Amino acid sequence: VQLQASGGGLVQAGGSLRLSCAASGGISSIVHMGWYRQAPGTERELVADITRGGVTNYADSAKGRFTISSDNAKNTVYLQMNSLKPDDTGVYYCYAAIISSAEHFPRTYWGQGTQVTVSS
C-alpha cells in the first residue's frame with residue numbers, strides 16, 4: 001500500500017490550497033483517512049480526518065476554514081484549506097487506516113508529506 005500526497009506550496013496569508021492524497025496497491029478497504037501537520041520544532045498534530053462513511057473531525061484551529069472530503073472510488077482524500085494563516089505553515093502528512101488484501105485488520109499508512117508555507 002502506498003499513499004501519494006500532493007498540492008502543497010507557498011501562499012500568502014488569506015489564500016487557499018487544496019491537498020490531495022491517493023492510496024493505492026492491494027487495498028481491500030479504507031476505514032478512515034486524514035491529515036496531520038508538523039511545524040518546525042513541534043509534534044505532529046491532527047488537522048482533520050474522515051471515515052469511509054463521511055463522518056468528519058477537525059482540530060479547533062481548522063474548523064470553519066478547512067474542509068476534508070474523500071472520493072471512495074478513487075481511494076483519495078482531499079483537504080481544502082481557505083483563509084490560510086502563517087500558523088498553518090508546516091509539513092502536512094496524509095494517513096489512512098487500511099485493510100489490505102493480505103490482512104484482516106486495519107493498519108495505518110503514511111504519505112510522504114507535503115510542505116505548506118503561508119507568508120504574512
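## The disulfide

The link of Cys21 and Cys94 is right-handed, with 55° about the S-S bond. The pair ties together distant parts of the chain, 73 residues apart: Cys21 lies in strand β3 and Cys94 in strand β9 (residues 90–100). Their sulfur atoms are 2.0 Å apart, and a disulfide is counted when two cysteine sulfur atoms are within 2.5 Å. By this rule the count comes to one disulfide.

Cys21 is buried, with a relative accessible area of 0%. Cys94 also counts as buried, at 0% relative accessibility. Buried means under 20% relative accessible area, exposed over 50%, and partly exposed in between, with a 1.4 Å probe and protein chains only.

## Basis of the description

This is a predicted model, in which local features need pLDDT of at least 70 and side-chain atom pairs count only at pLDDT 80 or more, while totals for chains, interfaces and linings use all residues. Residues are numbered from 1 along each chain as its sequence is written, and side-chain values use heavy atoms, with hydrogens and water left out.

## The chain as a whole

The protein chain has zero helices and 11 strands. Both are DSSP runs numbered from the N terminus: helices are H or I with at least four residues, strands E with at least two. The radius of gyration of the protein chain is 14 Å, close to the 14 Å that the globule rule gives for 120 residues, so the chain is as compact as a globular protein of that length. That radius is taken over C-alpha atoms, and the globule rule is 2.2 Å times the number of residues to the power 0.38.

Along the principal axes, the C-alpha atoms of the protein chain fill a box of roughly 45 × 25 × 20 Å. Of its 120 residues, 40% count as buried. The accessible surface comes to about 6,200 Å², and 48% of that belongs to carbon and sulfur atoms; accessible areas come from the Shrake-Rupley method with a 1.4 Å probe, and for residues only the protein chains shown count as cover. Among contacts in the protein chain with a separation of 6 or more, 56% are between residues 24 or more positions apart. Contact means heavy atoms within 4.5 Å.

## The four-stranded sheet

Four strands form an open sheet with antiparallel pairing, in the order β1-β3-β8-β7. Strands β1 (2–6) and β7 (66–71) stand at the edges with a single partner strand each, so one side of each is left without a neighbour in the sheet. Neighbouring strands of this sheet are turned by 15° against each other on average, direction ignored. Axes here are lines fitted to C-alpha atoms, for helices over the stretch in contact, and angles run from 0 to 180 degrees between N-to-C directions. Two strands pair if DSSP finds at least two bridges between them.

In a regular strand the side chains alternate between the two faces of the sheet.

## Strand β3 and its partners

Strand β3 (residues 17–24) runs antiparallel to β1, joined by five bridges. Gln2 has Ser24 of β3 as its bridge partner, and Ala5 stands opposite Cys21, also in β3.

Ser20, which is found in β3, counts as buried at 18% relative accessibility. Leaving aside neighbours within four places in sequence, Ser20 is in contact with Gln4, Ala5, Ser6, Trp35, Val77 and Tyr78.

## Strands β7 and β8

Five of the six residues of β8 are buried, so this strand is largely enclosed by the rest of the structure. Strands β7 and β8 pair in the antiparallel sense over six bridges, with Thr67 opposite Gln80 in β8. The hairpin of β7 and β8 has four residues between the strands, and in it Asn75 takes a positive phi near 50°.

Gly64 is found in the loop between β6 (56–58) and β7. Gly64 is exposed, with a relative accessible area of 86%. Its C-alpha atom is separated by 20 Å from that of Cys94, 30 residues apart along the chain.
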